[in-house]
Amino acid sequence: MSNIHVCLVSDQTVPNILGIYHVKPERVIFCTTDRMEKEKRRDAIINTLKLYGLNYSNAHDIVQVDQDCLDDCEIKFNNEIAKKYKNKKLVINLTGGTKIMVLAAYNVFKDVAEQMIYTPIPKNEFLIVTPRTDNCKSPVSLNLRLSVEAYVTAYGVKVKNPHKIEQLKSTAKKNENICKWMIKSYKDIEELLSEFYKQLNVPRSEGKKKYLLKMDYQPKTRKEREFLELLRIPEKNIEKTILKEEIKFLTGDWLSDYCFNEISKLAVDDCVTAIELESLKGTDNEFDVMFTKDNALYIVECKSLKQKHDKDADILFKISALQHDFGLRVNGFLVSTARTIIDKNERIRDSIIRRAEQCKSQVIHPDKIVDFGMWIRKYVKGLN
C-alpha cells in the first residue's frame with residue numbers, strides 16, 4: 001500500500017514539516033484554506049523540505065476547505081481523501097488547521113486512517129491519537145532539528161544571501177581571538193573605536209569595497225597601541241587602505257562576530273551571522289546573529305559604542321520586526337556595549353527592560369558581555 005500523509009495547514013508550519021520528514025510519505029495531501037494559500041504556507045512547507053532532500057513539488061494534492069464550516073470540511077475530506085485513497089495507507093497529522101478542520105478530520109478519518117498523530121507545540125515529538133492504544137502515553141521523538149535557513153523558510157521568509165552563509169561563518173571564526181581581546185579591553189579602546197566609526201560609517205553605508213583610512217589620532221593608552229598593532233596599522237601615522245570586510249568589522253561587526261563564536265561553542269543546532277532576510281511583504285533586513293535550538297529560533301542583536309542615534313524605544317527594532325513584519329516566532333537577546341542603556345545605579349534602564357519584555361527579549365548588562373556564553377545558557381533550554 002502507498003503511504004499517504006495528510007496534514008492540516010496553518011500559520012504554524014514546523015509541526016507539518018517535522019511530521020512529513022519523519023514519515024517520508026510517497027505523497028502529501030495538504031488540507032488548506034484560502035488564507036493559507038494566499039500566504040503561501042503550503043509553498044513554505046514544500047520549500048523547507050527541499051532543503052533536506054525531500055521534493056514534493058509534484059507529489060502532493062490540495063484540498064481547500066471553508067475553515068469555519070464543519071460540513072464543508074467533512075464532505076471534502078471524505079470525498080477527496082477517504083474515498084479517493086480508500087485502498088491506501090493514510091497517516092493524518094492533526095496538529096495544524098483550525099479547530100473545525102481538526103474536528104472534521106477526526107470524524108472522517110478515525111476509522112479509516114492507519115494512524116492519526118498530534119504534535120504538542122513546542123515539543124519535538126508526536127502522540128499517536130489513533131489507533132487507541134497505550135502508545136499515546138509514549139510520545140514518538142521527531143529527530144529533525146531545523147537550521148536557521150530552514151526555520152525561516154518554513155514561515156515563507158526568503159534568505160537573500162544563502163551562498164554567503166558559510167563564508168560569513170568562516171570569517172567570524174577567523175576573528176575569534178581579536179574579538180575576545182576587544183571585549184576584554186573594550187573600556188580602554190572605546191575612544192579609538194569611536195574614531196574609527198566616525199571615519200568609516202559613511203563608507204560602510206555606501207558599500208565601499210575599499211577605503212583609504214587616514215586619521216589624525218594619537219593613541220593614548222597601551223591598549224590602544226596594542227589594538228593598532230593587532231590591526232597592522234602604524235600608531236604614529238594612522239593610514240591604511242582597508243577592504244569592505246574590515247570596514248564592517250571596525251564599525252560593529254566585531255561584536256556580532258564575538259557573539260557568534262560564543263554561541264557556536266554551545267550545543268545549538270545552527271548559528272549564522274549577517275544573514276539577510278526578505279519577508280512575504282518585501283521587507284528586507286540584515287540580522288546580526290541568529291541560531292536554532294530544538295526547532296526554536298533565537299536572534300541576537302548587537303550594538304556597540306554609545307548609539308546616540310538610537311532611541312530607547314527603537315533599540316530592539318530588528319527583534320520586533322522579525323516577530324511582526326516577518327511573522328516569525330522568535331526569542332531575542334540584546335547585546336550592547338553602550339553604557340547609555342544603564343541608569344545611575346548601574347542597572348539596565350527600566351525603559352529598555354519594558355521594551356525588551358514586549359519583544360520576548362533579554363538584555364545583557366555591558367559589564368557581563370565578557371561572560372556572554374554563560375549568560376545566554378540561562379535563557380535557552382538544552383544548553384546547560
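Biologist: Happy to start with a pair of strands: in which sense do strand E5 and strand E6 pair?

Modeller: Keep in mind that this is a predicted model. Strand E5 covers residues 115–118 and strand E6 covers residues 125–130, with 3 bridges between them. The sense of the E5 and E6 pairing is antiparallel.

Biologist: Nice. Which strands stand at the edges of the sheet, each with a single partner strand?

Modeller: The open sheet has 7 strands with mixed pairing, and their order is E3-E2-E1-E4-E5-E6-E7. Each edge strand has a single partner, so one side of it is left without a neighbour in the sheet. The edge strands are E3 (60–64) and E7 (140–141).

Biologist: Helix H4 lies across part of that sheet; at about what angle does it run to E3?

Modeller: H4 spans residues 70–82 and lies across E1 (3–8), E2 (27–32), E3 and E4 (89–93). The angle between H4 and E3 is about 160 degrees.

Biologist: And which residues of H4 are buried?

Modeller: Buried here means under 20% relative accessible area. The cover over these residues includes E1, E2, E3 and E4, along with helix H5 (99–109). The buried residues of H4 are Asp72, Cys73, Phe77, Ile81 and Ala82.

Biologist: Which residue takes a positive phi in the hairpin of E12 and E13?

Modeller: E13 (residues 296–303) runs antiparallel to E12, and 5 bridges join them. Phe291 has Tyr298 in E13 as its bridge partner. This hairpin leaves 2 residues between the strands, and the positive phi, near 50 degrees, belongs to Asp294.

Biologist: How many residues of E12 are buried?

Modeller: Strand E12 covers residues 284–293, which makes 10 residues. It is largely enclosed by the rest of the structure, because the buried count is 7 of the 10.

Biologist: Last one, for the whole chain: how far apart are the mean positions of the positive and negative charges?

Modeller: The chain has 384 residues, 49% of them buried, and its secondary structure comes to 14 helices and 15 strands. There are 64 positive and 55 negative charges, and their mean positions lie apart by 1 Å.

Terms used
Residues numbered from 1 in each chain as written. Predicted model: local features only at pLDDT ≥ 70, side-chain atom pairs only at ≥ 80, totals over all residues. Heavy atoms only, no water. Pairing = 2+ DSSP bridges. Helix = DSSP H or I, 4+ residues; strand = E, 2+ residues; numbered from the N terminus. Contact = heavy atoms within 4.5 Å. Axes fitted to C-alpha atoms, helices over the stretch in contact; angles between N-to-C directions. Buried < 20%, exposed > 50% of the residue type's maximum accessible area, 1.4 Å probe, protein only. Lys, Arg positive; Asp, Glu negative; His and termini not counted. Charge placed at Lys NZ, Arg CZ, Asp CG, Glu CD.
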